[in-house]
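Subject: Structure handover, with notes on the salt bridges

Hi,

Here is the structure I promised to pass on. Have a look at it first, and then read my notes below.

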Amino acid sequence: MNSIALLRGINVGGKHPLPMSELVKIFTEAGCSDVRTYIQSGNVLFAAPPTLLPKLPSLVSASIVKRFGYEAPVIIRTVDELGEIIRANPFRQAGVLDDVVHVLFLADRPNPATVEKLDAARSAPDAFIVRGQEIYLHLPNGVARTKLTNAYFDAKLGMTTTLRNSRTVAKLWEMGRCDDWDSVSRRR
């Protein structure tokens, strides 16, 4: 099954360096095949049996701690799930430019009562919509200026999150659907 792993907090601002070649080895050693990475921020495309997917985040995280000495949370979605996430994005459906639309991937499905307590006015004019295990974000002033951060959602929802912009999400989906991932990477 083609899937995508989204790692949080590696190779960002010079912190937690992790060579992509090492990340490929970690996934291969965990039992994955056809492992590829996209850009340096922890996007991994791979094939794995469905029985391995639930175990993979903890296997990969433990291997990173052992080899590099820091934690890097891992969130996984199948290529089909990623396609549904793209289609369900309410901001893209409304015609908002991809430059200011992001997806926050959640490790688990949030409790509806907890979601209701999120502050919609926390960072106006920024906006968010929670759907399933994703939070769709419209950040017209950019990621660097918003108060709708991973830390905010992690604390309020009690779980790990990781953020990707809409273009990266679309690229990962395109790469995951293609048998020749390298040719897709060269097109952009």
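A quick definition before the notes: buried means under 20% relative accessible area, exposed means over 50%, and partly exposed is in between (1.4 Å probe, protein chains only). Please keep in mind that this is a predicted model, where local features need pLDDT of at least 70, side-chain atom pairs count only at pLDDT 80 or more, and totals for chains, interfaces and linings use all residues. Residues are numbered from 1 along each chain as its sequence is written, and side-chain values use heavy atoms, with hydrogens and water left out.

**Around Glu-22**

By the definition above, Glu-22 is partly exposed, with a relative accessible area of 22%. Glu-22 forms a salt bridge (a side-chain nitrogen of Lys or Arg within 4 Å of a carboxyl oxygen of Asp or Glu) with Lys-25, and the closest N and O atoms are 3.3 Å apart. Both residues sit in helix 1 (residues 20-29), three residues apart, or about one turn of the helix. Helices (H or I, at least four residues) and strands (E, at least two) are DSSP runs, numbered from the N terminus. An α-helix has 3.6 residues a turn, so residues three or four places apart point the same way. Lys-25 is also partly exposed, at 43% relative accessibility.

Glu-22 has another partner: Arg-67, with the closest N and O atoms of this salt bridge 3.6 Å apart. This pair links distant parts of the chain, since Arg-67 is in helix 2 (residues 56-68) and Glu-22 is in helix 1, 45 residues apart. Arg-67 is partly exposed at 33% relative accessibility.

**Asp-99 and helix 7**

What does Asp-99 form a salt bridge with? The partner is Arg-167, and the closest N and O atoms are 2.6 Å apart. Asp-99 lies in the loop between helix 4 (90-93) and strand 5 (101-106), while Arg-167 belongs to helix 7 (residues 166-177), 68 residues away. Asp-99 is partly exposed at 48% relative accessibility, whereas Arg-167 counts as exposed at 52%.

Salt bridges that share partners also join Glu-22, Lys-25, Glu-29 and Arg-67 into one network. The structure holds eight salt bridges.

Back in helix 7, the buried residues include Val-169, Leu-172 and Met-175. At the start of this helix, a side-chain oxygen of Asn-165 reaches to within 3.1 Å of the backbone nitrogen of Arg-167.

Technical notes. Polar contact = N/O pair within 3.5 Å; in protein donor to acceptor, adjacent residues only side chain to side chain.
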